[in-house]
Amino acid sequence: MTQRFSYQTSGYQAMYGLHQYVQGCGLDHGLLELIRLRISQINGCAYCINMHAPLAQQNGISIVKIHLVAAWKEATVFSERELAALAWAEAVTALRDAEVQESVYQLAKVHFSEKELSDLTLAVAEMNAWNRLMIASRTPPEIG
């Protein structure tokens, strides 16, 4: 598959600015990498899956959790906070029926403050945007 365009040619600085905000918002970096990996799996973004699996491990996520994140609903290795974040990330990514289900919101608000939930939602939106850039541009995973 041939790369269509470089994702770095337009809007990259704006996306990177958003990324810097999310990185500094106070949410645990391991948790962020875990949801980034799951969102990338949902969207089928090979570039981002390849990037965020090792970043998750570097940020304290166990290899077991990395392997099981695709089946997080059935796995018993995730904390309640991680489960709430993964449920929120999936709901915001999919937006079934043009909304996030109330049950998912109720679970998330138990584990996240209003600011944290807002920042988590921004992190989900950021990852979805990166996935779309990489998939549309056909940017291959960096293997090396």
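Let's start at the end of H7. H7 is followed by Arg-138, and the phi of Arg-138 is positive, near 55°. Arg-138 is not a glycine. Most residues other than glycine have a negative phi. Arg-138 is partly exposed, at 31% relative accessible area. For the terms: buried is under 20% relative accessible area, exposed is over 50%, and partly exposed is in between, with a 1.4 Å probe and protein chains only. Helices are DSSP runs of H or I with at least four residues, strands are runs of E with at least two, and both are numbered from the N terminus.

A word on the source. This is a predicted model, where local features need pLDDT of at least 70 and side-chain atom pairs count only at pLDDT 80 or more, while totals for chains, interfaces and linings use all residues. Residues are numbered from 1 along each chain as its sequence is written, and side-chain values use heavy atoms, with hydrogens and water left out.

Now H7 itself. H7 has 24 residues. From first C-alpha to last, H7 reaches 35 Å, close to the 34 Å expected at 1.5 Å a residue. That expected span is 1.5 Å times one less than the number of residues. Buried residues of H7 include Leu-117, Asp-119, Glu-126, Asn-128, Trp-130 and Ser-137. What do the buried residues of H7 pack against? They pack against H1, H2, helix H3 (46–58), helix H5 (80–94) and helix H6 (102–111). Contact here means heavy atoms within 4.5 Å.

Take Asn-128 in H7. Asn-128 is buried, at 9% relative accessible area. Which side chains make polar contacts with the side chain of Asn-128? One is Asn-43, at 2.8 Å. Another is Thr-93, at 3.0 Å. A polar contact is a pair of N or O atoms within 3.5 Å; within protein, one must be able to donate a hydrogen and the other to accept it, and residues adjacent in sequence count only if both atoms are side-chain atoms. Leaving aside residues up to four places away in sequence, Asn-128 touches Ile-39, Asn-43 and Thr-93.

Further along H7 is Ile-135. Ile-135 is partly exposed, at 39% relative accessibility. Again not counting residues up to four places away in sequence, Ile-135 touches Asn-43, Gly-44 and Cys-45. Ile-135 and Gly-44 are 91 residues apart in sequence, yet their C-alpha atoms are 8.2 Å apart in space.

Next, the aromatics. A pair of aromatic rings is described by the distance of the centres and the angle of the planes. The structure holds six aromatic pairs. The rings of Phe, Tyr and Trp (its six-membered ring) pair if their centres lie within 6.5 Å; planes under 30 degrees apart count as stacked, over 60 as edge-to-face, and the rest as tilted.

Tyr-7 and Trp-130 form an edge-to-face pair, with 6.3 Å centre to centre and 85° between the planes. Tyr-7 lies in the segment before helix H1 (12–24) and Trp-130 in helix H7 (residues 114–137), so the pair ties together parts that are 123 residues apart in sequence. Tyr-7 is buried, at 14% relative accessibility. Trp-130 is also buried, at 11%.

Then Tyr-12 and Tyr-16. Their ring centres are 6.1 Å apart and their planes are at 15°, so the pair is stacked. Both sit in helix H1, four residues apart, separated by about one helical turn. Tyr-12 is partly exposed, at 21%. Tyr-16 is partly exposed too, at 33%. Ring pairs link Tyr-7, Tyr-12, Tyr-16, Tyr-47 and Trp-130 into a cluster.

That brings us to H1. The 13 residues of H1 should span 18 Å, and the end C-alpha atoms are 18 Å apart, which agrees. Which residues of H1 are buried? Met-15, His-19 and Val-22. Seen down the axis of H1, the buried residues fall within an arc of 60°, so they line one face of the helix. The arc is that of the directions from the helix axis to the C-beta atoms. Helix H2 (29–43) and H7 are among what covers those buried residues. On the other side of H1, Gln-13, Ala-14 and Gly-24 are exposed. Just after H1, Gly-26 takes a positive phi of about 110°.

Last, the record. UniProt, in an unreviewed entry, lists residues 14–91 as "domain: Carboxymuconolactone decarboxylase-like". UniProt positions are given in the numbering used here, feature names are shortened, and annotations may be inferred rather than shown by experiment. In the model, that span is 73% helix and 0% strand, with end C-alpha atoms 25 Å apart.
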